[in-house]
Amino acid sequence: MKKGKIIKSQKELYYVACDDKTFMAKARGNFRVKKIKPLVGDNVIIDDLTDGKAYITDICERKNEIKRPNISNIDQILLFATIKNPPLNIYNLDKYLAMCEYKHMEVVIILSKIDLCDESEIDYFTNIYKKIGYKLVCIDNYGNFPKEEILDLLKDKTSAVSGASGVGKSTFLNNLVDHDVEIGSISEKSKRGKNTTRHTEIFKIADNTFIFDTPGFDSFDIDFIEDERELKYLFKEFRDKACKFKDCNHINEPNCAVKSALEKSLIDEGRYKNYLMLFEEVKKRRENKW
């Protein structure tokens with residue numbers, strides 16, 4: 001028996017790094033019976049067979065896990081966004097940030113392809129998210145790539161790149177890792193990215209520094225939260241507002257400090273509208289569940 005980490009998965013095949021050697025492993029049938037699926041990032045116990053093959057016999061306790069992408073044991077998320085090519089989906093961005101808050105995960109927003117944007121567009125976007133406390137890095141993958149700044153953010157952490165298809169994640173990784181990562185293009189018809197990353201894989205950047213490459217996505221379910229009344233705690237800018245009622249949802253309640261801040265432009269109107277839409281999405285999902 002040996003202990004290792006799943007660094008790549010393709011369907012039912014898992015690549016497990018163990019003592020400077022990588023094993024191609026399959027999961028024992030009892031995982032399927034228990035409805036447990038090994039994830040990239042899992043620390044596992046393997047039964048070493050022959051010719052570099054093995055069976056996964058146990059999964060060690062996870063620090064955390066997320067579904068988009070489906071990975072475990074993450075220290076921070078590098079959440080990619082673009083203003084253009086593909087166009088910014090601010091609703092999905094705020095939904096994903098809410099999920100990271102729910103999971104207590106550190107997030108760095110990476111605004112990619114800034115060479116395609118006006119300076120005013122960049123400033124408007126960055127001011128919204130820096131104001132509420134998110135780390136944010138602007139990059140031009142083909143221009144002056146801030147490699148040292150990125151390496152400093154990644155140091156001694158296991159990070160995961162995440163975001164929609166075509167936002168520059170693969171190009172970003174090619175600036176960091178030793179071998180090429182396939183790069184896709186943007187569909188001229190839909191203006192959406194074409195997903196070239198079809199599996200999840202971990203790359204080693206330096207000692208004790210790792211990064212996940214993951215497939216992109218255009219939408220995802222908000223199934224990480226069941227009660228819409230919990231959503232208000234996942235928007236950072238709401239937390240220090242003292243409303244008259246402790247259970248205020250910041251929608252129709254009187255003497256709401258959040259709505260008062262909104263009227264004074266202390267809270268971004270777009271973020272607040274996304275909160276209302278997310279609130280309704282979670283509410284409908286809960287009501288339709290039964």
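Student: What should I know about the model before we start?

Tutor: It's a predicted model: local features need pLDDT of at least 70, side-chain atom pairs count only at pLDDT 80 or more, and totals for chains, interfaces and linings use all residues. Residues are numbered from 1 along each chain as its sequence is written, and side-chain values use heavy atoms, with hydrogens and water left out.

Student: How many helices and strands are there?

Tutor: 7 helices and 13 strands, taken as DSSP runs numbered from the N terminus (helices H or I, at least four residues; strands E, at least two).

Student: And how much of the protein is buried?

Tutor: 47% of the 290 residues, where buried means under 20% relative accessible area with a 1.4 Å probe, protein chains only.

Student: OK, strands. Which way do strand 1 and strand 2 run, parallel or antiparallel?

Tutor: Antiparallel, with 5 bridges; strands pair if DSSP finds at least two bridges between them. They form a hairpin with 2 residues between them, and K11 in the turn has a positive phi of about 55 degrees.

Student: What does S9 stand opposite in strand 2?

Tutor: Y14. In strand 12, S9 has T200 as its bridge partner; strand 12 (residues 200–206) is antiparallel to strand 1, joined by 2 bridges.

Methods. Buried < 20%, exposed > 50% of the residue type's maximum accessible area, 1.4 Å probe, protein only.
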